[in-house]
Amino acid sequence: ISLFSNTGLSYAVIRSDYGPKYQKIVFSLSIWIGLLLAFMLILLAYPITLVYGNPDLLWPTIVISIQFISQSFTIVPLAILEKRFDFKYVGFVNFIVVIATISGMIVMAILGYSYWSLIVPIVFQPVLRYFLYERRAKFGIHIYSWKMTIFGFRKVRSLMESISIFN
């Protein structure tokens with residue numbers, strides 16, 4: 001999911017010389033992309049149940065779509081930390097999040113939540129990750145209008161094209 005929701009936005013933040021306003025625009029763009037991908041998966045939830053012949057897949061698919069949104073919140077704060085070379089803290093956050101996710105899975109399984117014990121902790125994993133990244137990055141939540149986001153997309157796209165040419 002992070003592969004689809006990131007779409008190279010973190011590299012646009014890491015490799016750019018632009019300041020916080022640019023980062024806020026990229027953050028807004030990541031949120032819009034996350035919302036779009038979540039909406040697309042929600043629309044595909046019913047056809048997925050038809051393909052697999054299992055109507056019980058509807059709600060898990062819809063709940064998993066939330067991860068596109070929650071994952072999009074972590075992209076820019078993580079990129080800011082990586083740009084600052086704060087890899088020790090990023091590794092620490094990943095360790096804490098994995099421990100919390102596994103603990104949540106075990107507790108939910110013991111309480112009898114069946115397959116939900118595998119889905120819910122994974123969906124909320126990026127939320128914990130965001131709050132821990134935000135604690136160090138001190139970035140905040142910034143969502144711009146669609147018009148400003150399109151402007152930002154043009155800047156990000158040109159930077160991503162130049163990165164792909166030289167890599």
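Of the contacts in the protein with a separation of 6 or more, 79% join residues 24 or more positions apart; contact means heavy atoms within 4.5 Å. This is a predicted model: local features need pLDDT of at least 70, side-chain atom pairs count only at pLDDT 80 or more, and totals for chains, interfaces and linings use all residues. Residues are numbered from 1 along each chain as its sequence is written, and side-chain values use heavy atoms, without hydrogens and water.

**Exercise 1.** Count the aromatic pairs, then classify Phe-73 and Tyr-130.

*Solution.* Start with the rule. Rings of Phe, Tyr and Trp (its six-membered ring) pair if their centres lie within 6.5 Å; planes under 30 degrees apart are stacked, over 60 edge-to-face, the rest tilted. The count is seven aromatic pairs. The centres of Phe-73 and Tyr-130 are 5.9 Å apart and their planes stand at 75°, so this pair is edge-to-face. Now place the two: Phe-73 is in the loop between α4 (58–72) and α5 (75–83), Tyr-130 in helix α7 (residues 116–137), 57 residues apart. Helices are DSSP runs (H or I, at least four residues), numbered from the N terminus.

**Exercise 2.** Decide whether Tyr-130 is buried or exposed.

*Solution.* Buried means under 20% relative accessible area, exposed over 50%, partly exposed in between (1.4 Å probe, protein chains only). Tyr-130 has 5% relative accessibility, so Tyr-130 is buried.

**Exercise 3.** Classify the pair Tyr-115 and Trp-116.

*Solution.* The centres lie 5.2 Å apart and the planes meet at 35°, so the pair is tilted. Tyr-115, at 41%, is partly exposed. Trp-116, at 23%, is partly exposed too.
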